[in-house]
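Subject: Handover of a structure and notes on its contents

Dear colleague,

Please find below the structure that I am handing over to you. My notes on what was found in it follow directly after.

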Amino acid sequence: MNNTDAIIVGAGPCGLFQAFQLGLQGLRCHLIEALPYTGGQCAELYPDKPIYDIPGIPVLQAGQLRDQLEQQIKPFAPVFHHNQTVEDIDSSADGLQVETTAGLKIQARSVIIATGAGAFTPVKLRVEGIDRFENQQLFYAQAAAQYIEQKQVVVTGDSAAAVNTAIDLAPTTTLTTLLHRKRRLEIQPEQQARITELQQANKLQVINGKILHAIGESSLQGLQVQLQSKEELMLNADTLVARLGSSPKSNDFSKWSLQTERNLISVDTTDFSSSREGVYAVGDINTYAEKRKLILCGFHEATLAAFAIAKKTKPGEPIHTLYTTTSTVLQQRLGLG
Ligand SMILES: Cc1cc2nc3c(=O)[nH]c(=O)nc-3n(C[C@H](O)[C@H](O)[C@H](O)COP(=O)(O)OP(=O)(O)OC[C@H]3O[C@@H](n4cnc5c(N)ncnc54)[C@H](O)[C@@H]3O)c2cc1C
């Protein structure tokens with residue numbers, strides 16, 4: 001059992017900034033995230049799009065915002081648990097307890113729900129019977145080295161993530177095939193240069209086509225593929241990595257003992273606490289009068305929630321408003337002195 005001061009469910013921009021504000025208060029936290037990486041909608045839906053309304057930053061790409069939030073919380077060393085979700089919150093002797101879908105148990109006095117648009121889950125391949133190979137030879141998240149090294153690997157998808165996955169995996173495989181459905185892929189010049197290098201080393205081939213069916217009974221042997229030209233071919237495959245994007249799956253809060261409105265969590269705007277003791281909600285998942293689903297608003301909510309959590313965690317201690325510019329306490333917490 002892990003014990004910490006606060007558990008943050010969801011590592012989108014608001015969950016990340018929540019970890020920063022808790023860190024400034026001298027509080028430890030764990031973050032649980034469905035995706036293998038942080039950033040929520042910024043990372044998953046629009047990483048290359050510019051954002052113009054982050055205070056003091058005239059413009060930055062959504063993916064860069066994620067990177068900078070990650071950088072900002074490093075001094076506090078929050079603990080991340082990826083590729084797992086939280087389905088409900090239990091009460092424990094000391095406060096609250098969550099158990100993730102990966103079986104991880106964590107106890108804390110406070111839980112902050114920052115689940116935004118919902119848990120991002122990978123879009124599955126629609127090829128009859130292919131599910132039988134999932135987590136054996138078909139992977140939607142990261143595949144372990146044993147399924148990649150010296151194997152014939154097919155990476156399927158049209159996104160930049162699919163292209164990058166094929167480039168990253170190819171060197172250690174026998175052969176990697178990037179199989180894409182769109183006639184033209186959007187490939188950056190540096191990606192193209194790397195693809196050419198790997199093609200010349202016979203480590204990578206790029207094929208435009210779609211999977212018709214999987215070949216093999218108890219284990220995957222290959223894929224029957226229809227090319228853009230309508231010709232068919234058989235691709236040998238030990239491992240299939242699908243990068244088809246993801247979509248957010250709404251959380252079912254009916255078992256979380258929370259007051260909700262249209263599946264959004266009702267909060268008190270003085271501290272962004274929910275109707276349940278010790279549980280807070282920040283970012284796109286909460287609702288209150290005049291709520292706006294903006295990153296800036298989520299940052300404000302996370303700041304006030306952190307002050308409230310600090311008051312509860314350190315009863316009797318005054319919780320002052322300190323400035324990072326002048327407070328030696330905050331600067332020490334930030335690892336600056
Ligand atoms: C195209 C587009 C452009 C936008 N542009 C702007 C803009 O310019 N300015 C602006 O302010 N806002 C913009 N937004 C809105 C902004 O992205 C959201 O307000 C912001 O992402 C909300 O952050 P969040 O952390 O609350 O939630 P999210 O970003 O949705 O992150 C929630 C995270 O929680 C995870 N999660 C959910 N449920 C669980 C669970 N049960 N267990 C574990 N993990 C879970 C999810 O996988 C996800 O990673 C834009 C949105 C879109 C789609």
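Why does Q150 count as exposed? Q150 counts as exposed because it has 12 or fewer, namely 11, C-beta neighbours inside 10 Å. By this definition a residue is buried if 20 or more other C-beta atoms lie within 10 Å of its own, exposed if 12 or fewer, and partly exposed in between, with C-beta atoms placed from the backbone.

Before going further, please note that this is a predicted model, in which local features need pLDDT of at least 70 and side-chain atom pairs count only at pLDDT 80 or more, while totals for chains, interfaces and linings use all residues. Residues are numbered from 1 along each chain as its sequence is written.

The chain as a whole

The chain has 337 residues, of which 38% count as buried. Its C-alpha atoms fill a box of roughly 75 × 40 × 35 Å, taken along the principal axes. The secondary structure comes to seven helices and 23 strands; helices (H or I, at least four residues) and strands (E, at least two) are DSSP runs, numbered from the N terminus. Of the contacts in the chain with a separation of 6 or more, 57% are between residues 24 or more positions apart. Two residues are in contact if their C-beta atoms, placed from the backbone, lie within 7 Å.

The domain assignment gives domain 1 (2–120 + 247–333) and domain 2 (124–244); such bounds come from an automatic or database domain assignment. The C-alpha centres of domain 1 and domain 2 lie 36 Å apart.

Strand β2 and its partners

Strand β2 (residues 6–9) is covered on both faces: A6 and I8 are buried on one side, and I7 and V9 are buried on the other. Strand β2 pairs in the parallel sense with strand β3 (residues 29–32) over four bridges, where two strands pair if DSSP finds at least two bridges between them. Within this pairing, V9 stands opposite I32. Between β2 and β3 the chain passes through helix α1 (residues 13–24), and this β-α-β crossover is right-handed. That term applies if, with the strands pointing away from the viewer, the path from the first strand over the helix to the second runs clockwise. Strand β2 also pairs in the parallel sense with strand β10 (residues 110–113), again over four bridges. In β10, the bridge partner of V9 is I113.

The surroundings of the ligand

There are 35 residues around the ligand, and G10, G12, G40, G116 and G283 come nearest. The elements that give two or more residues to this shell are α1, α2 (40–44), β11 (119–122) and α6 (295–313). A residue is near a molecule or strand if its C-beta atom, placed from the backbone, lies within 6 Å of it. The shell divides into 19 nonpolar, twelve polar and four charged residues. Here Ala, Val, Leu, Ile, Met, Phe, Trp, Tyr, Cys and Pro count as nonpolar, Asp, Glu, Lys and Arg as charged, and the others, Gly among them, as polar.

Seven strands form an open sheet with mixed pairing, in the order β12-β18-β13-β14-β15-β16-β17. Its edge strands, β12 (138–139) and β17 (232–236), each pair on one side only. Strands β15 and β16 (residues 222–227) run antiparallel and are joined by six bridges, and H213 stands opposite Q224 in β16.

Helix α4 (residues 160–169) has the buried residues A162, V163, T165, A166, I167 and L169. These residues pack against β13 (152–156), β14 (175–180), α5 (189–200), β15 (204–215) and β18 (239–242).

Another open sheet, also of mixed pairing, has three strands in the order β20-β21-β23. Its edge strands are β20 (260–261) and β23 (286–287). Strand β21 (residues 264–266) runs parallel to β23 and is joined to it by two bridges, with S266 opposite T287.

Residues in loops

Most residues other than glycine have a negative phi. Q150, in the loop between β12 and β13, has a positive phi near 60 degrees. N202, in the loop between α5 and β15, has a positive phi near 55 degrees. N202 counts as exposed, with 10 C-beta neighbours inside 10 Å.

Yours sincerely
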